[in-house]
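Here is a short report on charged side chains and how they pair. Look over the sequence and the fold before reading on.

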Amino acid sequence: MTDIQPTVAFVDDDDELRNANRQTLELAGFNVAPFADAMSALRFLTPDFPGIVVTDVRMPHMDGFELFRRLGAVDPDLPVILITGHGDIEMAVEAMHQGAYDFIAKPFAAERLVQSIGRALEKRRLVIENRQLRLALESSEEAMPLLGQTPVMQNLRKTLRHVANADVDVLIAGETGTGKDVAAGLLHEWSRRKQGNFVALNCGALPDTVIESELFGHEAGAFTGAQKKRVGRIEYASGGTLFLDEIESMPLATQVKLLRVLETREVAPLGTNEHRSVDLRVVAAAKVDLGSPEQRANFREDLFYRLNVVTVSIPPLRERKDDIPLLFTHFLNRAAARFKSEPPEFTTAIRSRLMEHDWPGNVRELAHFAERMALGLHDVSDVKPSQATNPKSLPETMEKYEAKLIRDALAANQGDVRTTIEALGIPRKTFYDKLQRHGIDRSDYVKRKSEA
């Protein structure tokens, strides 16, 4: 999701009505940006504006329809709600035909507007999240590409291309760090579903109490804390691809519900008996052999066979060692460019150390090792093979240094979030994610009034 608070851009040339609606929407919990004319709104709105637009139709200079058309050229996925006092049915039909999110005729109940805005913001949240996910996927492909000239990698890429358009559920097997997420992304990008959403969920990263709501969605009031309706990942992936990573970690109760979705291609959000059809393709990934009863543990056998229409196995790095020099050179050059340094010479000593190590962390470990080399933190010729490729050295070093920078910035800015993230140069969401990962409590750095 976007790091910026979702906003309702409200456009109306009537000062009294604009202010009254702004107050109504703010009381409903929305962040409102009011505009007295369409041109002011156009200057404010950007292609990735994390919100929606509500505009009156009858306005001087530029009316609401022209604003709607111009916004469509900037961002066709931006929800626009049109308001008119004339109740023109033909106008409403034409607006909806052209892609308007909703059309509300005056006079209208405040609840009607609030509900429409709530649904539109939810749609916009999913659009923005999907865009960010696509960017993350592109970054993931760059970070862990399925590079390699060994026969096994050539066959893997050929298999992925062949399976991509088969439109069947796929199970990806492979050890940690082999690039299962990249393979899933390629299955989507190389398929006829590439115009749809690629929706990913790590089953091992969410608590049992959250995963069902994330997958199936929920209605407002479905459970304590469910104040708003939420579209689940399954429904949002309709027409595209749902990627379930670490599926072996999925709770048993959720497995039962997922099996039913796969069999019926219908989903029922929590808090409703309504079943909604979904055009779904599931790509699941597991780092254990789900075909083995010993490794499968608590994973349902019937769900395994339902997912196992096609299985794609990604080999560990130790089984394709001839690809290691190519991968290492790629990662080394990329790291050197990022750190603005010259890549060290690829010597015989480096090559021998690369080929002697088993790389239990696979491609991810190799990429980290290349980064250490680019930073000058390792001279492979001066250490033993077992020490040369310690996968913990760079992450541990960088994690400690990152945590220190964050603590120093918080202390310097007395815990103020805005000035701290400006000093660090990172997005707000990234900042909070790092606080949680490093176990940093921002309140420890806030200057108390009694201390002032």
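## Charge pairs

Asp102 is buried, at 10% relative accessible area. Buried means under 20%, exposed over 50%, and partly exposed in between (1.4 Å probe, protein chains only). This is a predicted model: local features need pLDDT of at least 70, side-chain atom pairs count only at pLDDT 80 or more, and totals for chains, interfaces and linings use all residues. Residues are numbered from 1 along each chain as its sequence is written, and side-chain values use heavy atoms, without hydrogens and water.

Asp102 forms a salt bridge with Arg112. Asp102 lies in strand S5 and Arg112 in helix H5, so the pair ties together parts 10 residues apart in sequence. Arg112 is partly exposed, at 32%. A salt bridge here is a side-chain nitrogen of Lys or Arg within 4 Å of a carboxyl oxygen of Asp or Glu. The whole structure holds 26 salt bridges.

| Pair | N to O distance |
|---|---|
| Asp102 and Arg112 | 2.8 Å |
| Arg22 and Glu26 | 3.2 Å |
| Asp56 and Lys106 | 3.5 Å |

Asp56 lies in strand S3 (residues 51-56) and Lys106 in the loop between strand S5 (102-105) and helix H5 (110-143), so this pair links parts 50 residues apart in sequence. Asp56 is buried, at 5%. Lys106 is partly exposed, at 29%.

Arg22 and Glu26 both sit in helix H1, 4 residues apart, about one turn of the helix. Helices (H or I, at least four residues) and strands (E, at least two) are DSSP runs, numbered from the N terminus. Arg22 is partly exposed, at 22%. Glu26 is partly exposed too, at 37%.
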